[in-house]
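Have the sequence and the model at hand as you read.

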Amino acid sequence: MRQKELRIALVCYGGISLAVYMHGVTKELWKALQASQAFWAEGDAEPPPGTAGVYHKLLKRLEAGSNLRLRILTDIVAGASAGGINSVFLSQAIHSGHSLEPLTELWLENADVDVLLDPEARARSQVTKFWARPLVSYLLHRPGNAVTTSVAPETREEVRQKLSRLIRSRWFEPPFSGVGLSRLLAGAFTAMAETEAGPPLLPHGHPINLFVTATDFKGHLETLRLHSPELVLESEHRLSIGFESRSGTPSLAAMPELLLAARATASFPGAFPPLQIEEIDGVIAELGLAWPEREAFFRRVMPEHSQRGDLDNVALIDGSVLNNAPFADAMGVLRDRPATREVDRRFVYIDPTPDRIGASMRQERRAPGFFSTIFGSLSSIPREQPIRDNLEALERDSQEVATLRAIVLALRPEIEETVDRLFGNTFFLDRPTPKRLSAWRDKAQRAALEQAGFAYHGYVQVKFSGIVAKLARLIYEGAPELGLSSSEPIALRLHDHFASVGLDRIKGLKGDGSPGMIGFFRTHDLAFRIRRLRLLARRVTQEWQQEESVTEVERDKAREAIYAALALYLDREPVAAMGETFAALAAAVFTDPGAVIDHIEKVRDLVAIDARVDTLLAEALAEMPQALRRRVLLAYLGFPFYDTVTLPLLRGEGLTEFDPIRVDRISPEDCHMIRQGPVLRGTEFFNFGAFFSRAYRENDYLWGRLHGAERMIDLISSTAEGEHALLEGELWTFKREAFLAVLEEEKDRLTADPTLVRNVREEVLRGG
């Protein structure tokens, strides 16, 4: 059975009240993850009812018809504005196993102008702004007004009443309550924590990264290094609030931190007041919660403000002001993903209104006017820029990956022949021992040095510079109080230090045959060891020629041993592994670089880890059938030859998933199985429409689930290609079953418009 992971990096755009639609989409992703978790559980546990059952059935179909056992996981989530709120709650549900239902209740019950209005802003009585009532009435009832032309007859009166109250609320101040939103979000987090927890929706120990964007209105200073002048301070307003955890750890993050991220990213200018940190402190105090990690959190996400001691002066507004499509952060962590089997990596982004601004502008025949030019340049255009640059970067990475894989495959016959000649046939038959593995490895390393010639000198330079850069980044992360904008100054200081002890880039041209360079690599080249084991894992998992004498169970056991060994090295990578004294040593790197380098060497103790890994691998090799053992040893001992060629092409960076990345969009424009044309109501009133009507929110939430179901089935089925691909008729059968399951699940909740569920069900049945 071929095993594969469909890994989804999710990006949620901003959309104001279209957050309700996006929640419907993310709920279907959550259901698909539940189905996958049940499918992979011991004994193939029964999935939850509803659409999760449909996805479970689809996974079964792929297993039976395509010989493909597929696992679905979402390990990277990024969002802006209203999409940021959905991102935070989805990530929490994935990590904790708790239900996403409290967020549904938040959107449907409380995402309403009457609830969001600040009590201080409400019209006090019928006579408040009495002089404005005729004007409001005229605007809402005049021929061709927005309500009459775009609102369904049954909801027009509700919308008019709420618009009237909103217009007559306080002027020149945000009408919505910031602390009120924080309380609603805190209530949803609390309700979520009180739901029955299922298993986490990621494999144990797998990382999950969450990013939400905010805008630091007043800005903070960042240091730029130039030729002249050497240092320049520049104001930076973009702020990314990131979280990283691993499945099985106690929490994704402290609730106050998630609350701050959700509230900050959705602080839409003009509607909500900017978020100030005292607001979160007040809500946490009301709830009687502790926040022991508070200072550490702000040192991490706002180091410049923390160092200056002006956190009380911070004002955060909506993340979509400067970055409505936060791809960059999600792309930045791709290289840190473990890969235990074949990976189909997708970037999936939810865009509820593609080209909303551009389409209306292009319809305008006249040149843009005075005010439209100003407001467009200040607001609409920056937020709605396309993601072409991000997608082109992903495409370049994917092409690079494909090229490298082709190089490795092309090199394999010659490298395996070289290793075969180097060791003869005896080592394939001998029982491997830790001592033999170590000796074989050293022999292969020397052979690679001798046979590569001058190319090896450049390879050593790339290795040396890469190690120094990684050490510098580690020290940079451990010493935020240095106030540096990058790790480059630390890397320059480390190069000077190593040159002073006889290790520099010029002398390194002699290759790693010098005792000093050999010792340096032996004690510090963690990345080389990780790359070697990942190549081994790919060899066993993906790049495998069928051998009748090797079973899938035996390959699984080999993978387990390889990843157990890999974990020993990966545990030594992060700054958290460096111990409590590391921060002080890192902060003194410019005065005493040797002390921090010695500390890293001592804590990591790679030579001792090598011995443990040799024992693990030797025991695993001894249990493998000869054909499998031969393949593994050829890859393991041939790795120095592969690395000599591929590392310079990677510019010193290793790859983990080693597969091309594909991009998928989910939007109303991509989903036509039920109905052609516009279906969302929240697009009215500049995307605030769903805040005026429960019926609107129910409509958009339902269509979000339906569109999410349609695209989830597309995504899952697309992993089976060629002769194993599902036919259109079978796909429609799965989609119709999912649509009906959504409607059955929601029929008792979505009652504001009694015809909504009934009409959509009739459309689904007619389409079938």
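Cys 12 is buried, because its relative accessible area is 0% (buried means under 20%, exposed over 50%, partly exposed in between, with a 1.4 Å probe and protein chains only). Cys 671 also counts as buried, at 3% relative accessibility. Searching the whole structure turns up 0 disulfides, a disulfide being a pair of cysteine sulfur atoms within 2.5 Å.

This is a predicted model, in which local features need pLDDT of at least 70 and side-chain atom pairs count only at pLDDT 80 or more, while totals for chains, interfaces and linings use all residues. Residues are numbered from 1 along each chain as its sequence is written, and side-chain values use heavy atoms, without hydrogens and water.

Now for the helices, which are DSSP runs of H or I with at least four residues, numbered from the N terminus. Two packed helices are described by the angle between their axes and the distance between the axes. Axes are lines fitted to C-alpha atoms over the stretch in contact, and angles run from 0 to 180 degrees between N-to-C directions.

| Helix pair | Angle | Axis distance |
|---|---|---|
| α3 (residues 82–96) and α9 (residues 178–194) | about 15 degrees | 11 Å |
| α21 (residues 488–500) and α26 (residues 593–604) | roughly 90 degrees | within 10 Å |

α21 is therefore roughly perpendicular to α26 (65 to 115 degrees), whereas α3 and α9 are roughly parallel (under 35 degrees). Phe 89 of α3 and Phe 189 of α9 are among the residues making that contact. In α21, Arg 493, Leu 494, His 497 and Phe 498 meet Pro 593, Gly 594 and Ile 597 of α26. Contact here means heavy atoms within 4.5 Å.

How values were computed: Helices (H or I, at least four residues) and strands (E, at least two) are DSSP runs, numbered from the N terminus. Angles under 35 degrees count as roughly parallel, over 145 as roughly antiparallel, 65 to 115 as roughly perpendicular and the rest as oblique.
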